[in-house]
Amino acid sequence: MSDLFSVEILLGILVIGTGLSFLTYRMKWISGIVAFLSGLLGAIVVIAMGVMDKLPEEFMEIEFFDGLQISLGITWFSYLFMACLVVLAPLVLLYSLEPMREKATKTPFYGLFMLSLLGGAGVTMARDLLSMFIFWELMTWSALLLIGNDRRPAGRAFKIYLGFGMLSAGGILTLIALVSSSGYGMDFAGVTASVLDGSDGYRIAFLVIGLIAFGTKAAIIPFHIWAPEAYTYTPDSFTAFFSGGLSKTGIYGVFLVVDVFIGMGILATYGSWNDLTGIGMIIAIFGALTALIGGMLAMFQDDAKKLLAYSSVSQIGYIFVGIGIGGSVGTAGALYHVLNHTMFKAVLFMGIGAVIYRTGEHKLSRMGGMIHVMPATFWMFLVGIFAAAAIPITSGLASKWLIYEGALEKGVGMIVPILFLASVSAFLYSFRILQGGFMGQLRDEFKDVKEAPLTMMIPMAIIMIALIVFAFIPGAPMELISRAMGDIGMEAPKYSVIELGSGVGTYSGLVVMIATGIGFVIACIMFFAGPRGRHISLRDTFTAGEEPMDKMDRKFHYAFHFYAPYERVLKPYFGNYIKKGWGKVYRGAAQVARLTRTIFNGDVTGYLWLIFVSMIIVGVILWQYGGWF
Amino acid sequence: MTPDPVLLIVIPLLAAFLTPLVALGSKKFARYVPLIGVLAMGVVSLLLLKDLIEVQPRTYGAYNTIESTTGGFQPPFGISLIVTPLGGLITFGMIMVALYVLVTSIQKKEDDKGPWFEMMAMMATAGAVGMVITGDLFNMFVFLEITSISGTILAALPRGNGEKGLNWKGAAGYAVISALASFLILAAIALLYGATSTLNIAQMAERVGSIDTFVAGTALLLMIIGFGIEAEIFPLNGWAPEVYRGSRWGTSTIFSGIIGKAGLIAMLKVVTVILAPALEGNIAMDILLWGGVITFIVGEAAAFTSKDLYRLWGFSSIGMFGLILAAFSLGGENGIYAAVLIMIGHLISKPVLFSLTGAMRHKDRDLPLSVLDGLMGKSRVTAFLFIGAALMLLGMPPSPIFWGKYFLFSGAGGESNWLLVGLLIVGTLLEAGYIGKLLWRVLPKKEEAKAFKLPITTTVMALIAVALGVLLGAVPGLLQDIIDLVVLEFGGAIIILAGVI
Amino acid sequence: MMERTTFHRSLPAIALALLFAATLFVAFVEVDFGEPRIEEELPVNYQPGEEIDTENITTPGLRYLANSSEETGSANLVTAVVVNYRGFDTLGEVTILFLAATGVGALLSFIKDDDEKKKKKILPPSLILNKGARLVLPLIILFGVYVFLHGHLSPGGGFQGGVIIASGMLLFYIAEPTKGASHKVISIIESTAGLAFIGLGIVGLMTASKIFLANDFAGDWGEVGMLVSAGLLPLIYIAIGFKVGSEMTGLVEKMRGDGS
């Protein structure tokens with residue numbers, strides 16, 4: 001039985017699933033079902049592995065050359081991240097079956113989906129830099145090929161994702177080169193040893209390059225540009241997995257760089273700020289800024305998916321703060337937020353994806369009133385919003401609480417206001433998408449819109465239940481987190497099934513839920529016992545009872561340019577400076593590249609000149625350095 | 001049973017002389033004669049390669065060579081051919097590329113009024129093989145001439161794509177510049193012969209110590225420039241984009257897979273075996289290293305800005321030549337592994353890309369990138385082959401080039417040559433840029449270009465090539481034996497690894 | 001748009017060319033052409049042509065000087081080197097010529113020529129040329145055959161003889177603009193001669209030394225200096241003579257462009 005829980009089996013399931021999905025891509029239903037079943041099988045194996053505490057003990061080794069082999073294995077730390085991917089996948093695959101039924105025959109959607117899952121899972125299972133790089137490439141390129149709807153800006157999204165994806169891959173290659181220069185092996189133990197033995201320059205270089213490489217994938221400023229583009233212009237069903245699952249590999253990499261390869265111990269030797277290491281402070285500040293900027297930009301978006309994408313960027317900023325703060329509470333908070341973000345981002349993208357599927361609209365200003373026709377979707381979406389905004393009754397509160405506590409514990413209170421502002425913006429954009437998508441006036445043409453199909457609702461319901469249940473028992477995810485932290489040599493904060501403890505205070509899930517419940521009951525009592533109002537239709541409200549002469553299908557609710565006042569004030573500070581900056585970099589590079597056209601201009605005499613000039617140059621080099629004469 | 005390497009030359013010459021005879025009878029059947037010749041060459045080359053790998057060398061740590069002499073006298077009095085591991089591998093690779101081109105040409109659309117394309121293709125291959133396996137310096141020059149002339153004719157042949165005329169610009173440019181290259185190389189040979197009184201490469205390597213430094217330096221300069229021209233190294237490669245731009249796809253494949261490679265290997269042979277030891281420091285290898293890197297970046301940058309698909313692949317080939325040269329010059333186990341793997345990956349993927357491009361007919365001489373739009377929607381097989389080969393070229397696993405780039409970065413890092421690492425990254429980014437651009441166009445679009453139906457030969461050969469590439473990428477251990485032998489071969493020749501500038 | 005290159009515009013090019021030439025000049029001057037590299041190889045006061053023991057000689061040139069007539073059977077040292085010691089190169093050169101001629105023919109077939117115009121413009125040759133050519137042509141061809149037949153005895157050989165024949169044919173073409181040799185015949189001779197060359201090489205593969213282009217019969221057929229001597233060498237030169245002759249003739253023919 002324990003042989004069932006081996007890396008080979010899991011890898012095998014994923015590989016076969018990928019292959020079959022590719023082969024059957026022309027058959028409408030079959031491809032999706034094949035993908036879903038293999039994803040489900042993989043998820044079952046992974047869940048069983050964790051629940052029964054039977055992580056494989058041995059690494060799987062693949063030898064490519066004599067003396068060059070890669071190893072794959074599952075430790076508790078990598079398990080946490082891998083579970084995010086592998087357990088989420090079948091949910092999203094089930095969700096995608098209906099909307100992708102028609103579109104999936106043009107491109108191998110499920111094949112690429114499974115390939116990206118294989119890549120992502122492989123990254124978390126990698127035990128050395130080379131295997132990580134191999135699976136990283138698979139993951140990046142399969143997601144890339146999924147970009148591209150019929151929407152025109154998709155081309156730009158493709159190029160931007162390509163650019164940053166290559167930046168990330170290039171970073172990993174540079175890390176490989178760096179480790180190679182140290183003489184140590186590429187396996188994780190060797191990398192750690194190389195940092196231990198390395199000079200200051202080596203360590204700093206490793207840190208910076210590692211942060212750039214993995215931070216790009218995690219979408220930290222200033223490398224976050226690709227996320228809103230890529231998440232918006234992939235098929236809606238994939239975005240839930242893309243943002244909920246695959247982005248975690250970037251975080252995983254950052255964790256590896258900061259906590260495993262380098263370790264807080266070494267970082268502490270480079271200065272400190274209160275109780276925090278200097279470098280940790282820098283990371284935390286970057287995280288806080290990302291949270292703030294992401295949140296602000298999310299507020300101004302009209303495209304529903306783009307708003308959620310910026311929200312993702314913002315949430316990852318929180319995780320970064322947790323990593324930067326470090327220690328037991330901060331790291332636990334970061335890891336908990338990883339789990340939470342996977343869940344609520346997925347349900348949010350799924351929810352809005354259902355609306356888009358049913359209505360065909362992407363822009364919030366053109367949606368509205370969906371609560372009337374898609375109530376179930378609304379409730380599940382609402383739970384997701386609560387989790388994102390860290391409102392009680394969902395487990396989203398626990399992770400944010402841990403991060404705040406960690407900041408206070410380490411005495412870096414100045415980060416807290418920035419995070420607070422970010423949270424405010426989180427509330428604002430959450431409200432925006434809730435209001436814009438579901439509340440307000442329902443357009444006439446959407447009156448007959450059906451509720452989301454069952455295959456889409458089941459995954460959302462599962463996640464919603466999970467979010468609520470974990471609110472009661474935050475100890476359950478903490479169990480996993482503590483094992484993961486133990487794996488990298490850290491101790492988790494104290495916890496019980498229903499309580500979490502930090503150095504500063506305690507969070508009791510049960511108490512919070514009971515308090516919320518009591519408050520809700522009180523509100524209900526007040527609502528039902530108080531004087532009843534009269535139900536007036538929205539339209540009457542908007543038109544103040546007047547009957548307009550012409551068609552009634554006008555939008556009266558506030559939808560367009562929603563936060564215009566804030567935008568006016570904040571745009572000068574939060575305008576797309578970073579994006580424009582990168583644009584300049586690209587254009588500059590393209591200009592330089594165009595120089596080559598002037599060289600290769602078809603003039604043979606010119607080429608002959610080049611040849612003779614090269615002769616002179618080589619001659620001079622030989623003279624100066626080669627002892628020619 | 002080890003065949004005599006001289007067969008690698010005798011067979012194509014026989015076929016070449018036979019072809020016009022057969023053409024007098026049946027022009028159609030005459031086109032198959034070169035194909036049969038190349039097939040025979042392939043068999044010989046495969047047997048030679050097998051022997052190189054399997055037969056245990058007499059002394060431990062040595063590598064096998066298979067020798068053949070001509071004229072009845074032992075070297076250095078007679079001309080000899082030596083098949084070394086690298087030589088055997090490259091020869092086999094080049095012959096396979098030629099086979100690809102010739103098989104696919106069975107269904108070619110161009111009317112050449114005779115078997116001229118096929119014959120010149122075979123002779124270019126024969127010349128290239130000769131350059132690689134010869135042990136005599138002047139013999140190398142003779143084969144260089146054979147290659148050049150065949151190449152010129154190949155470049156001149158019309159594309160048959162609405163373009164009826166000959167490719168004057170490309171062919172004339174190549175003719176003039178390769179004539180210059182031949183002159184430079186000949187002058188260098190004259191100097192070296194005068195200084196050492198022998199033309200045998202091995203004997204010359206023994207006597208190299210007695211060459212006056214000025215003479216050696218001049219000869220090195222001439223050789224680097226001369227062979228650099230043939231190997232499409234920047235800034236000597238101005239002729240190449242013109243050839244790629246105007247020739248038919250088969251010619252471009254031969255230039256990028258056969259002619260350029262031969263120039264590269266010949267340059268490495270001459271420089272490392274004879275000349276580098278004659279000068280102080282490691283200057284020769286450093287020049288080659290940085291020349292290679294610059295070629296890589298310029299090639300990829302030019303490909304990035306190309307608006308014509310033929311030129312794009314041509315510049316991409318130039319970039320690859322630079323990368324391979326840099327890898328060889330870097331040396332060490334990592335460098336040699338990288339160079340061989342990248343070379344193999346390039347030999348497999350480029351012919352596929354060129355042949356698919358060639359199947360896309362267009363009314364203009366230039367093939368705009370928009371022919372690819374929405375290919376995946378219309379011609380699925382073409383699209384998948386295209387994507388597969390393009391990603392193989394870029395180095396997405398599984399691909400031999402993936403492993404090659406890994407070793408290259410490991411090697412560069414191992415040398416702590418950070419400038420090299422940085423430049424390699426820049427080049428790789430550029431490469432990803434244009435490959436990405438092409439892939440974007442291939443994905444299904446609203447406005448689609450017309451569908452292209454591939455001839456069966458092209459489809460079959462392309463499938464075989466892509467499958468082979470994927471296999472070698474996934475199980476690269478298959479190549480380990482031969483690459484280890486090549487490492488041994490270079491271990492003797494590259495004495496010091498190239499250092500930081 | 002052509003512009004005349006003024007002198008000062010071409011100054012940089014001239015300077016570059018001078019620099020290049022100077023460098024080459026100095027390099028060539030540095031080289032002691034012809035001096036033995038290794039002292040021990042020759043006895044003191046060696047004279048070329050002297051009989052010496054060649055066991056210790058490692059330099060090719062010296063050995064050729066010393067041993068060529070015994071080893072190859074050819075009285076002409078140049079022929080010995082060209083056809084025997086370095087016969088492989090000669091095969092390559094022949095191939096180059098073949099490729100060039102065939103290639104030119106192949107490319108020319110893509111160019112439509114307006115031979116009607118050309119034919120009208122051809123001036124008829126003078127009487128002296130016409131009749132004189134008929135007298136001289138057989139002598140030229142005979143001379144050419146003599147040269148390539150005696151390649152192993154006197155200066156000359158296949159290439160030279162072939163070119164002589166071709167120049168004779170050129171004279172013929174000038175004298176008789178409307179006549180020509182049949183392309184088919186030229187092609188057949190060309191290819192057959194080439195095949196013969198290779199065939200003779202393969203003979204070497206089958207004789208005692210099992211080496212391509214070996215000349216194992218060198219000592220067996222006659223003595224040095226006789227017409228029948230030097231083994232396969234004269235046969236090879238005959239093949240070369242035919243090949244070069246027909247090739248150059250064909251080249252001239254194609255240039256003339258009579259369209260067939």
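Directly after helix H13 of chain B comes B:Gly331, whose phi is positive, near 75°. Helices here are DSSP runs of H or I with at least four residues, numbered from the N terminus. The model is predicted: local features need pLDDT of at least 70 and side-chain atom pairs count only at pLDDT 80 or more, while totals for chains, interfaces and linings use all residues. Residues are numbered from 1 along each chain as its sequence is written, and chains are lettered from A and ligands numbered from 1 in the order in which they are written.

Helix H13 of chain B covers residues 309-330, and its 22 residues should span 32 Å at 1.5 Å a residue, the expected span being 1.5 Å times one less than the number of residues. The end C-alpha atoms of H13(B) are 31 Å apart, which agrees. Because 22 of the 22 residues of H13(B) are buried, this helix is largely enclosed by the rest of the structure; a residue is buried if 20 or more other C-beta atoms, placed from the backbone, lie within 10 Å of its own.

The contact between chains B and C takes 48 residues from each of them, where two residues are in contact if their C-beta atoms, placed from the backbone, lie within 7 Å. On the chain B side, the elements giving two or more residues include H1 (7-25), H5 (116-133) and H6 (137-156). H6(B) gives the most, with 10 residues.

Confidence is expressed as pLDDT, from 0 to 100 for each residue. Chain C has a mean pLDDT of 81, and 82% of its residues reach 70 or more. Within chain C, confidence is lowest in helix H5 (residues 115-121), at a mean of 56, and highest in helix H4 (residues 87-108), at 91. Where pLDDT is low, the predicted coordinates should not be read in detail.

Terms used: pLDDT = per-residue confidence, 0-100. Buried ≥ 20, exposed ≤ 12 C-beta atoms within 10 Å, placed from the backbone.
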